[in-house]
Amino acid sequence: MLLGRARESRTLAELLDSARSGHGGAIVVRGEAGVGKSALIDDAVASARDVRLLRATGTEFEMELAFAGMHQLCAPLLDRLDGLPDPQREALEVSFGQKVGAPPDPFLVGLATLTLLSDAAEDAPVLCVVDDAQWLDRSSARALTFAARRVADERVAVLLGVRETGRPLEVDALPGLPVGPLPEAEARALLAAAIRVPLDEQVRDRIVAESRGNPLALLELAAVSAPAGLAGGFGVSAPSAGPVEDLFHRRIEELPAETRRLLLVAAAEPLGDPLLLWRAAQRLGVAVAAAAPAEDAGLLEIDRRVRFRHPLVRSAVYRAASPTERRRVHGALAEVTDERLDPDRRAWHGAQAAAGPDEEVAAELVGSAGRARLRGGLAATAAFLERAAALSPDPQRRVERLLDAVESWLAAGAPDEADDLLATVNEDALAPLLRARTELLRGRLALFTRRSFDAPAPLRRAARRLESIDVEAARETHLDALLAALIVGPLGGDVPAAATAARLAPAASGPPRTVDLLVDGVAALLQGERATGTPLLQEALADTDGAAWTHRPMLVALVALEMWDMDAYVRILDLNAERARAAGALTSLPNVLEALAGASVPTGRFRTADLLHEEADEHATSACIAPPTYCGLYLAALRGQEEVATSGIDAVLQDATARGEGLLVAYSHFATAVLYNGLADYPRALAAARLAWDQLSFGFVGMLLRELVEAAVRAGRPELGAEAFVALREGTRASGTAWALGNEACCAALLADGETADGHYREALEYLARAGADLELARARLLYGEWLRREGRRVDAREQLRIAREVLTEIGADGFAQRAERELRATGQRVRRQRDARTVDALTPQELHVARLAATGAASKGIAAELFLSPRTVDAHLRSIFRKLGISSRRQLWGTVLDELPPDRAAG
């Protein structure tokens, strides 16, 4: 029995019991080194004799080898690969080096792992154990975390041990079980069990105090204290900041020099391969007999594998050695590692053995980086390139490799590492191309990871430098500079400067690409040349498949909204989402999904928007990126819950202002205007809309002006509404879409009187119905009904207000629905509150998504692959869906949940 760990042991036992009954989960056992995490995990494993155990151990020296941890964990299940869907099987085969193919995304590997575990759990419950998970390579950690978050309906338990390192980890997204120091009573009991001789009370108290409740420290203090010291109070020195590792240092120092050298070879060789150990030892002149003192001391065990007593022994051995000793050992390991079978480890050992710049070794590392990239190991690619840069004798080549490493860290989802590495570049002595690349990376880091105020300037500088070197690359960079300027906006984006720079940039040779159309079109509109810019942007939106849209979902949204082109908006983002799902590219998928969520709101598909927003948030959490918030604000505003909406808006405003995301600041004011228009608090709506208009120059300006006109007229400030309408009409007339013209007609009606107003309202209803903009059509009916009531036409008003209330209530725009209800009562109409209890509102967003796909005829495995779930989880969702909707088959889903499907999906 583990002393003082009853609560923790009970928690792990409950995890296993739950997994046995089909409700899996994951727990991260966290704590300082030596606190007893491994003991807890081993105790749980020992009690789980009825489960299939899969085990791996993270190793500091394997952090640069992509998917090394996942390969350890999944190796016993690889005979099941043929049962996986093709994309998942290929992802695992490529990541494990079994075949050559396109680099797999770690989350597709995670989905494959989830499917493997689900299949294995059909035979017996599965327990996945990873100790020292803080040393997992990034690709493995991300894939494992992805799978572990999705085992709720599986007979699978995931148990991870993590030493506190002070740095963020992928597995932080999983539930944690902190393991703290032992209470004093339990510490005394443990010491008494370890030392079965009479112990001086003062000595006992000193050992307990110096161990600070750390079980391993307590046992090691007792072990290194001489009998005389135990009896008389001597020989026990207070440990430093790393108490347990210091104690191991002291035990290692007592060993013969040859034994210490053998321990160093074992510490530097992470595979635990005895053959490699002895071959390297032979190169160093270390005899086999050198192992005996280490084995007798209980520090090392050599049989089929080389194992240290505790990971801290490995750390203590490696840190205690001098740099010269480490290089000698790594050199010997490089010599005995087979270049054909394991070229990457050979190159890595060779790099650690290098005492200074060495182009031959650096070139080998670059080759390893290329192989890692093909396996999808972006973090490993970055690590190899970073070390190659450090060993490159040529200064320019060193910077090239360093910048390649920065790009790889950024792609790997490690912006902090990329930032730190980029900060080491001295631009003064660089060639023009390298200086431009440095600026470009600095700007993209700020743009794509922080969306912050320090993004626009370096991107503009990079674009200018590239103009004389690579015109096409310069225009790509100008596009990013324009996007950065729009996102930062009034908080330092200097939009006019970005537009001027883009307009003055040299034109690319040949026919204009979509990138060129976007650069010229956006810049022209920002400079007030709408007649010039509009046709260019409309042509760009026609190129649904254009590479310019890739990884720029915010640009898609801004351009489509500026052009009032919802069809192009959805087409482009649907394609990007499909590609991201197929590749498992969850680092870009969250922003695509959030943008698609926003496209669902004007058409009144709030449940779809909720679904996409929640999925975006979940994927963002899995990918360790900041969750997108735009659509969430819009939905909260439309639902009219003032306290909830304003608290969310205030939090977003504070964060966006601190980072410098001026676009989100303006959007927050837009959402505030929507909220208060729904609540009929028009002065507040007007104040918020005017704030947003002052800050906004491109994108959702038209939608904002629509709110401003309504607020101004209702607040008794028609002159402000007329001013906003002039700006609105300039964009809607240039666009010419039904969506644009419907909003224009609605605003024109607000500013008109008599038959003119009536005609504009009817025109607005016609255009908005044609556009399929159900939310805006219902809001237009609300405005029309309010106008009719004030004109004394109560019967006509009731018809418009009744339809508006029904639609607004049904789609969930409760703020405006309540406003319609008040107006309807004001006409003398009795209003009954009635909603169908059997509604899809009873479903969670994920259940709704499962139901919609099942209604189209998709099988459980296909649904699982699209939603990154296991088939078992899909089946569990379907059982819940049938119960909530009161149905018994998939066929009954048709017509129940397809009302919100996009046309292409519904038609399928």
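Student: Is His 669 buried or exposed?

Tutor: His 669 is buried: its relative accessible area is 12%, and the cut-off for buried is under 20%. Keep in mind that this is a predicted model.

Student: Okay, and where does His 669 sit?

Tutor: You'll find His 669 in helix α34, which covers residues 662-678.

Student: Which residues does His 669 touch?

Tutor: Leaving out residues up to four places away in sequence, His 669 touches Leu 653, Ala 688, Ala 689, Leu 691, Ala 692 and Gln 695.

Student: New topic, aromatic rings. How many aromatic pairs are there?

Tutor: The structure holds 10 of these pairs. One of them is Phe 670 with Phe 700, a tilted pair with 5.6 Å centre to centre and 45 degrees between the planes.

Student: Where are those two in the chain?

Tutor: Phe 670 belongs to helix α34, while Phe 700 lies in the loop between α35 and α36. They are 30 residues apart, and the pair links distant parts of the chain. Both Phe 670 and Phe 700 are buried.

Student: What about Tyr 784 and Trp 787, how are their rings arranged?

Tutor: Their planes are at 25 degrees, so the pair is stacked, with ring centres 6.3 Å apart. Tyr 784 and Trp 787 are 3 residues apart in helix α40, so about one helical turn separates them.

Student: Why does one turn matter for where residues point?

Tutor: An α-helix has 3.6 residues a turn, so residues three or four places apart point the same way.

Student: Nice. Buried or exposed, those two?

Tutor: Tyr 784 counts as buried at 2% relative accessibility. Trp 787 is buried too, with a relative accessible area of 12%.

Student: And which residues form the aromatic cluster?

Tutor: That one is made of Tyr 630, Tyr 634, Tyr 667, Phe 670 and Phe 700.

Student: Last topic: how do helices α36 and α38 cross?

Tutor: Their axes come within 10 Å and cross at roughly 15 degrees. Angles under 35 degrees count as roughly parallel, so α36 is roughly parallel to α38. The crossing is left-handed.

Student: Which residues make that contact?

Tutor: From α36 there are Arg 706, Val 709, Glu 710, Val 713 and Arg 714, and from α38 there are Asn 743, Cys 746, Cys 747 and Leu 750. By class, the contact has 5 nonpolar, 1 polar and 3 charged residues.

Definitions and conventions: Residues numbered from 1 in each chain as written. Predicted model: local features only at pLDDT ≥ 70, side-chain atom pairs only at ≥ 80, totals over all residues. Heavy atoms only, no water. Axes fitted to C-alpha atoms, helices over the stretch in contact; angles between N-to-C directions. Helix = DSSP H or I, 4+ residues; strand = E, 2+ residues; numbered from the N terminus. Parallel < 35°, antiparallel > 145°, perpendicular 65-115°, else oblique. Left-handed = near helix turned anticlockwise from the far one by under 90°. Contact = heavy atoms within 4.5 Å. Nonpolar A, V, L, I, M, F, W, Y, C, P; charged D, E, K, R; others polar. Buried < 20%, exposed > 50% of the residue type's maximum accessible area, 1.4 Å probe, protein only. Phe/Tyr/Trp six-rings, centres within 6.5 Å; stacked < 30°, edge-to-face > 60°.
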